[in-house]
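Hi there,

Here is the structure I promised to pass along.

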Amino acid sequence: MTKNLSRRSFLQISALAGGGLMIATAVDGASLGEMDALLAQAGGDFTPNAFIKITPDNLVTIIAKNPEIGQGVKTSLPMLIAEELGVEWTNVRIVQGDLDTVKYGPQNAGGSTSTPTNWEPLRRAGAAGRQMLMAAAAQTWNVPASELTTAAGRVRHTASNRSLSYGELATKAATLPAPDLRTVALKDPKDYTILGKPTHGVDVKAMTMGKPIFSIDFTLPGMLFAVFEKCPVFGGKVESANLDLIKSQPGVKHAFIVEGGSDLTGLLGGVAIVADSWWQAESARRKLVVKWNEGPTAAQSSAGFAKRALELSTQTPAFTVGKDGDPDTALKSAAKVVEGAYSYPFISHAAIEPQNCAAQWHGGKLELWSPSQTPQRGRDMLKQLFNLRDEDITHHMLQAGGGFGRRLSNDYAIEVAHISKVIGGGPVKLLWTREDDMRHDFYRPGGFHFLKGGVDAAGKITAWRGHFVSYGPMNPPANAPNTFAQSANIPNTEFPSGFVPNFAIEATLMPLGVPTGALRAPRSNAVAWVYQSFIDELANAAGKDPLQFRLDLLATPRTKPAGDGFSAERMAAVLRAVGERSGWAAQQANRRTGQQANGQTAMGIACHYSHRGYFAEVAEITLSKDNALKVNKVWVAADVGRQIINPSMAINQCQGAVMDGLSELMTQEITIEGGRAVQSNFNQYQLLRMRQSPPVIDVQFVLSDNSPTGLGEPALPPILPAVCNAIFAANGQRIRSLPLSKHGYRWA
Amino acid sequence: MAYTLTVNGKQASVDAPADMPLLWALRDILNLKGTKYGCGVGACGACTVHIDGKPTRSCQTRVSAAAGRTITTIEGLSADGTHPVQVAWQEIDVPQCGYCQAGQIMSAVALLNQKPRPTDEDIDNAMNGNICRCATYIRIREAIHKAAGTTTTNTQAGAARGEE
């Protein structure tokens, strides 16, 4: 295999053994202008993150390097390459890569980052390939490359009416020098034939046929199956268990106690049962009797936290997250002051595929088959736990039945690696039950916001003071007592921070023994509901139209530069767009004149910026007198940059995120009692069903001259306040705690 | 104990405890992995198969109770993914993560066998036992209409896939 490596260009060209061309590129997440600095930093090491193979049969094979969790990157990222390469999508094949950060660079799915970090480098990799194929044709025909064009996987010389397919040119191209990624010519977007065209998911047919493409489907010959019973109180330990009885159950091969540690993200105490089949292991488990040492958090409860938060709200906050001006003085001189105590519960990810993972040891080396969103993080934890090196771990990335942030954690991988090791290293598959999954989640943390806001006589917000009572770890670091629990924080940039002259967010933390973590649009999924509801309260106090009130707020000169890249103009643009599309102004006018056909039909609006995306949403609801709620229609206006890569999946993601938010709004709650989660399955933890879902969700992309950003998360947050604001418009009730079902609401 | 199951037109003998849910017999003994485990309590519909033509939660059906009856799984709809409901799902580009979709399709096929021209309400009723965690409900409804040759009341369905 010959290699033609251009260090300056971050591009590697190789000839394939059976003929053809392999292109590998090595830029990830960095602007191309930073390439030299990155190269210096890396000591000249070449770590490509995109692989493109062009073979003589004219097929293009692209390695998908990032985990696919239902967000569509296995389709959309290769589209970037294929577009600039100039091939027909039908000739592109996608292969999922294993975890190999030496080969591919970072491999993660989280934070809606896949699109922004890959937009430039993957297009440039494709363009470089096209340029090389053109150079190969120019040499073959002895004509200048400038006379050549490409289309549908062929290079054409119009003057002499000759053309060659990429497959025919690939082997020759592999012998040519690699171009500089920074100077390759990118297409004019008006010439796109793939980007911006609705493109079906590459696995859709396999999914409709029930092909075994998910992590849970993976088995090996001779594999055993495991269940793992952990202490229901997080981090509790086994004192004793009836292992003799368990070992005597049909099919059971091993049953043993796992001592476990105290890190809630690592290996926890419990009992492992390994059997010939999963059903046998699970059947034996139903006879398991464990005496637990539940540990120091067994008295914690949601009710206790709520009571404590109320007490803390009357006390001086422990610390300040951010402060501008003098909110207390400004509140005293405000024309109207509004107070609101908001709270929301813990919620669970409830990905439809329960956690599972397979492992096998080969001597001192570990092989894993995992649906992780963060295989690298998992590898690092496994290295530490088992004293391994990178090269001792082979990590196969399997497709996940939903992520929503749950698979950012790798607890299941650690458990199965440990179980396999204890039984001698043979292949084992660990599968959690739904109950395991819901009782041992890294929950979206609950929280309590005690807000006070003031408006002046002209209806402008002059003061905002928020006391956020949230959670911290059981044992915070001595030098950082005010450390938030995972995803339980609030940024000091949270809107309307920067747009209100006297603005403060202060906080007090309660020690928490419940594991928490990122859930789809972490922090935003809760704080957007609180802040956008409270903004609506202030709009009402000011006697202003909720849409215009937000636009006025965004037009206010800022007290400080935006720390998080927030653009008021982009947010105002999506608000105006959703207002126009939903007929907001006419609907509000009808309300004022009492001309509404149905007094219980109302609209609410909200907006939120997260994961670099600007979203404004309007919900139209019909509410019966006994609080049966129907969301008739939702309008979404989104600014995620200048180009929607795959409109089919982009719209699917936005509609799904809106419904996910409705699901959170109406019913979702994990109650903590006795230090453990009360709800454990879908009959107690209700997810939105078809009949309850809005029949129409209109998605409008407002294109702006910015690089494209991700869509997995930012469509979710605004829907919760939009519906609550609509409820207020319908019946005058302000919802200040979730879920809605606690206030007597139900789906119509 | 050995039971004879008729799955997708073929007879197979499975050696399983009487209380083993059909779901696990299909997945782990007959290696038909298309039928999915989601909740184990009949609350999500991911494990839906047809027993004597009726949509049934295979996690709530003991293998002993399934013996001697006619079972169809997602793998039995067609050899090559060309059942009209599968084709509609592909053309509408329904899935996100895709995990629940085999169960959704089995419920949809059962509905269309019963009611070849369903209304939106028929669809909502028939599909209410199937959770889609990614919430692709708008497209599921549209795909069922497409397979049936009927129309949804959602007039914006085409635009909802980014089509012009």
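Predicted model: local features only at pLDDT ≥ 70, side-chain atom pairs only at ≥ 80, totals over all residues.

**Where the chains meet**

Chain A puts 51 residues in contact with 51 residues of chain B. On the chain A side, helix 6 (204–208), helix 8 (278–285), helix 18 (647–666) and strand 29 (696–701) each supply at least two residues. Helix 18 of chain A gives the most to that side, with nine residues. Sorted by class, the residues of chain A that touch chain B are 26 nonpolar, 16 polar and nine charged.

Take helix 6 of chain B to begin with. The crossing is right-handed. Helix 4 of chain B brings Gln104(B), Ala108(B), Leu111(B) and Leu112(B) to this contact, and helix 6 of chain B brings Ile140(B), Ile144(B), Ala147(B) and Ala148(B). Seven of these residues are nonpolar, one is polar and none is charged.

Now for helix 3 (residues 84–92) of chain B. Helix 3 of chain B passes helix 4 of chain B in a right-handed crossing. Val85(B), Gln86(B) and Trp89(B) of helix 3 of chain B meet Gln101(B), Ile105(B), Ala108(B), Val109(B) and Leu112(B) of helix 4 of chain B. This contact has six nonpolar residues, two polar ones and no charged ones.

Is Glu142(B) buried or exposed? Glu142(B) counts as buried, because it has 23 C-beta neighbours inside 10 Å. Although Glu142(B) and Ile92(B) are 50 residues apart in sequence, their C-alpha atoms are 7.5 Å apart in space.

**A helix with a buried face in chain A**

In helix 15 (residues 546–555) of chain A, the buried residues are Pro546(A), Leu547(A), Phe549(A), Arg550(A), Leu553(A) and Leu554(A). Viewed down the helix axis, they fall within an arc of 165 degrees, so they line one face of helix 15 of chain A. The elements they pack against include helix 14 (524–542), helix 16 (568–582) and strand 24 (601–610) of chain A.

**Backbone details in chain A**

Most peptide bonds are trans, and most residues other than glycine have a negative phi. Here are some exceptions to look up.

- Phe495(A) and Pro496(A) are joined by a cis peptide bond, with omega about 15 degrees. Pro496(A) lies in the loop between strand 22 and strand 23 (502–512) of chain A.
- Leu738(A) and Pro739(A) are also joined by a cis peptide bond, with omega about 0 degrees. Pro739(A) lies in the loop between helix 19 and strand 30 (746–747) of chain A.
- Ala152(A) has a positive phi of about 50 degrees. Ala152(A) is partly exposed, with 14 other C-beta atoms within 10 Å.
- Phe404(A) has a positive phi near 60 degrees. Phe404(A) is buried, with 28 other C-beta atoms within 10 Å.

How values were computed: Residues numbered from 1 in each chain as written. Chains lettered and ligands numbered in written order. Buried ≥ 20, exposed ≤ 12 C-beta atoms within 10 Å, placed from the backbone. Helix = DSSP H or I, 4+ residues; strand = E, 2+ residues; numbered from the N terminus. Arc of directions from axis to C-beta. Contact = placed C-beta atoms within 7 Å. Left-handed = near helix turned anticlockwise from the far one by under 90°. Nonpolar A, V, L, I, M, F, W, Y, C, P; charged D, E, K, R; others polar.
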